[in-house]
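Please look over the sequence and the model below before reading on. The text is meant to be followed with both in view.

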Amino acid sequence: MKKLTLLVFAILFISCDKDSVDDFENNSSSSDSGYRVIGRYYDLNINGGAESQELYEYENYDNDYDPDSYSNLISETGINILDYRDYFANEYGITLRENKFNVDNSFHYKDFENNQILKINMPHIPTNEWSYWHYERSFYFLYRDDSTYDSNDDSIDYKLKIINFETNQESEINVGRFLSAEYGKFQVELIGNIVYFLRLPDFFINEGKVSLVSINLDSLQINENSSNLKSDRYNLIIDSSKDCYLFGQDFNYKYNLNSNSFEELSIPGESNYLDLGFTNQRYDQIVVNNKVISYFTPAAPSAELALPVVLDLKTGQVTIIQFSEEPTQFEDDEIGPWRPFIKCFSVDAKTETIIVGVENQLGAEFKSQGVFTVDFAGNILNKQKIPILPIQIIN
């Protein structure tokens, strides 16, 4: 994971309010909203306490804690646990990829609305320049087609395969033709019905042509903008408005979807250096009303892999959210109070809140986990115990 370095006017470290332990017991709030948790189960009977490799799903729409209200996604989709590799999940469903090498890719999709299970096969791609996702009732597979490589200009085609779940029909469109790059970057981000595809040339070049493609998944309209920007190392962050940003090592740009144009940004602070972390399903990265919500890796000896960070693009102020310095306890916990450590988080752009998955660090002695809802200033609005260890939260 890449560390987030920010040089700005002010950095605020926010801990939870210093209320009594009783105030942490399954509080409810009018800010509550439904969410789904993808997680794992902590079994105290495995080697004195260990996190299972199984993948579970838990859905919450109220404040009633039920320790048995989760389902096993691995067994439901029929994958052997030894074959499970990775997954993609959003509000529509979850797609699990089998762990196979040098053979065609096998995916298993579960629809969250009707619980339908589907299996999808895609060709084996010898490089890492491919990505998969689902949107509404279709599966998408974006990949580099090596058979189209032209040695005369060192270019190659990128294509998008689409499988419609309703008709089981497969179609394919050409996304664009780009220069081949041994050390380039391939990044895909989805926001609503818009998917962005960022293709960067070699990292070792200080300036180069950055290619950004947007695809409307409803109309399949494709817009491409290939521009010579001032830096070559960028991370793509989506905006809740469906625009996006390119945050670089020395320069930052905003992309306007309607005009298909870039605008260079000047972020207040001692430096315009903004080095955001790579895409990770555990931690949302999105811009909401000129505030960048991302994550950074705290310095050792922190037990947390990442903490939510909120950067105000207008003022340069940074707020880092953490709870580890304050005790918490749910009313049916056997042991407590305990310090909550952050495992994952998701951003609710409509309510401008962050839904944070937490757990304790007491190991085999005791295990408890929950979800904290906070605003962008780090104020806790609600706390809820959940039955599984959270690794991703879906609004």
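This is a predicted model: local features need pLDDT of at least 70, side-chain atom pairs count only at pLDDT 80 or more; totals for chains, interfaces and linings use all residues.

Residues are numbered from 1 along each chain as its sequence is written, and side-chain values use heavy atoms, with hydrogens and water left out.

The protein has one helix and 31 strands, where helices (H or I, at least four residues) and strands (E, at least two) are DSSP runs numbered from the N terminus. Of its 395 residues, 54% are buried; buried means under 20% relative accessible area, exposed over 50%, and partly exposed in between, with a 1.4 Å probe and protein chains only. Taking contact to mean heavy atoms within 4.5 Å, 48% of the contacts between residues at least 6 apart in sequence join residues at least 24 apart.

A salt bridge is counted when a side-chain nitrogen of Lys or Arg lies within 4 Å of a carboxyl oxygen of Asp or Glu, and by this rule there are 17 salt bridges. One of them pairs the side chains of Arg 97 and Asp 86 (2.7 Å, N to O). Arg 97 lies in strand β8 (residues 93-98) and Asp 86 in strand β7 (residues 84-89), so this pair ties together parts that are eleven residues apart in sequence. Arg 97 is buried at 7% relative accessibility, whereas Asp 86 is partly exposed at 23%.

Another salt bridge joins the side chains of Asp 111 and Arg 137 (2.6 Å, N to O). Because Asp 111 belongs to strand β9 (residues 105-111) and Arg 137 to the loop between β11 (130-135) and β12 (138-150), the pair ties together parts that are 26 residues apart in sequence. Both Asp 111 and Arg 137 are buried.

Finally, where does Asp 333 lie? Asp 333 is found in the loop between β26 (318-321) and β27 (341-348), and it is buried, with a relative accessible area of 9%. Its side chain makes a polar contact of 2.8 Å with the side chain of Trp 338, and a polar contact of 2.7 Å joins the side chains of Asp 333 and Lys 385. A polar contact here is a pair of N or O atoms within 3.5 Å; within protein, one must be able to donate a hydrogen and the other to accept it, and residues adjacent in sequence count only if both atoms are side-chain atoms.
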